[in-house]
Amino acid sequence: MIACRSAADIARMRAANQLVSQVLEALERAVVPGMTTGDLDEMAERLVRDAGAVPAFKGYRGFPATLCTSVNAEVVHGIPSRVRPLVDGDIVSIDIGAKLDGFYGDSAVTVPVGTVPARTQELLRVTRESLEKAIAQVKVGGRVSDIGHAVQQWVEAHGFSVVREFVGHGIGQQLHEEPQIPNYGTPGRGARLAEGMVLAIEPMVAMGRPDVKVLRDGWTAVTKDGSLAAHFEHTVAVGADGPLVLTAREVPVSAGAAAGR
Ligand code: MG
Ligand code: MG
């Protein structure tokens with residue numbers, strides 16, 4: 001059973017998701033060589049709690065931090081480190097969840113640390129674009145598998161591969177709700193999308209082979225071949241007229257005016 005939310009609940013979900021989006025934007029701007037992912041985690045927890053929200057991952061099945069931070073060959077669920085500094089040329093995926101006013105927000109980006117090679121930039125770009133292609137499939141009457149199909153088509157057309165072991169998910173009063181949303185597959189399958197459903201869509205893409213393993217910490221998933229991996233995530237509601245990206249970066253009116261728009 002996939003929940004369909006009222007307009008009032010979607011508004012509350014937008015608030016939770018705007019919070020995670022704003023925190024993510026602040027973290028993304030803070031990333032510099034020499035800092036640790038533990039520094040990012042500390043910043044994230046402070047920003048979430050100052051906003052009156054609660055970190056969603058901290059304590060989830062024993063996870064120890066506010067963020068999942070996954071560096072280079074780490075795909076998802078990396079544990080922030082206070083000892084390993086980020087270095088120029090790394091990529092770091094930052095995934096954040098928070099609960100505000102009874103509802104969850106969830107979003108992720110992968111960002112370069114300093115300067116990264118062109119093929120790495122392409123991995124980030126193609127993964128982000130695959131999320132955009134996926135979001136375009138979010139419409140009343142569409143099917144869940146249309147989302148993963150769009151991701152897979154775009155990723156494989158650019159010579160990268162889709163990680164199979166982890167999936168997107170419904171989200172609402174729980175962090176993970178039905179349905180599961182794989183990032184690959186045949187279109188036209190699975191549940192039919194209806195107005196008010198809210199989905200966390202999160203392609204995970206490897207530069208090399210898609211196979212992953214979980215490290216002995218019980219959390220960190222890495223590519224078996226050691227190739228780089230990227231991860232982007234938006235939380236999206238099915239609106240009457242198409243997708244409502246609840247984690248979209250909303251440009252403040254003053255900033256838009258200052259830029260002459
Ligand atoms: Mg997430
Ligand atoms: Mg998620």
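This is a predicted model: local features need pLDDT of at least 70, side-chain atom pairs count only at pLDDT 80 or more; totals for chains, interfaces and linings use all residues.
**Entry 1, the metal site.** Donors here are N, O and S atoms within 2.8 Å of the metal (3.2 Å for Na, K and Ca), and water is not among the atoms, so sites may look incomplete. The ion is coordinated by D95 (OD), D95 (OD), D106 (OD) and E233 (OE), at 2.0 to 2.7 Å. I then found that D106 bridges this ion and the magnesium ion (ligand 2), the two lying 3.2 Å apart.

Residues are numbered from 1 along each chain as its sequence is written, chains are lettered from A and ligands numbered from 1 in the order in which they are written, and side-chain values use heavy atoms, leaving out hydrogens and water.

Are D95 and D106 buried or exposed? D95 counts as buried (under 20% relative accessible area, with exposed over 50% and partly exposed in between; 1.4 Å probe, protein chains only), at 6% relative accessibility. D106 is buried too, at 2%.

I looked next at strand 2 (residues 67-71), strands being DSSP runs of E, at least two residues, numbered from the N terminus. Five of its five residues are buried: L67, T69 and V71 on one side, C68 and S70 on the other.

How values were computed. Helices (H or I, at least four residues) and strands (E, at least two) are DSSP runs, numbered from the N terminus.
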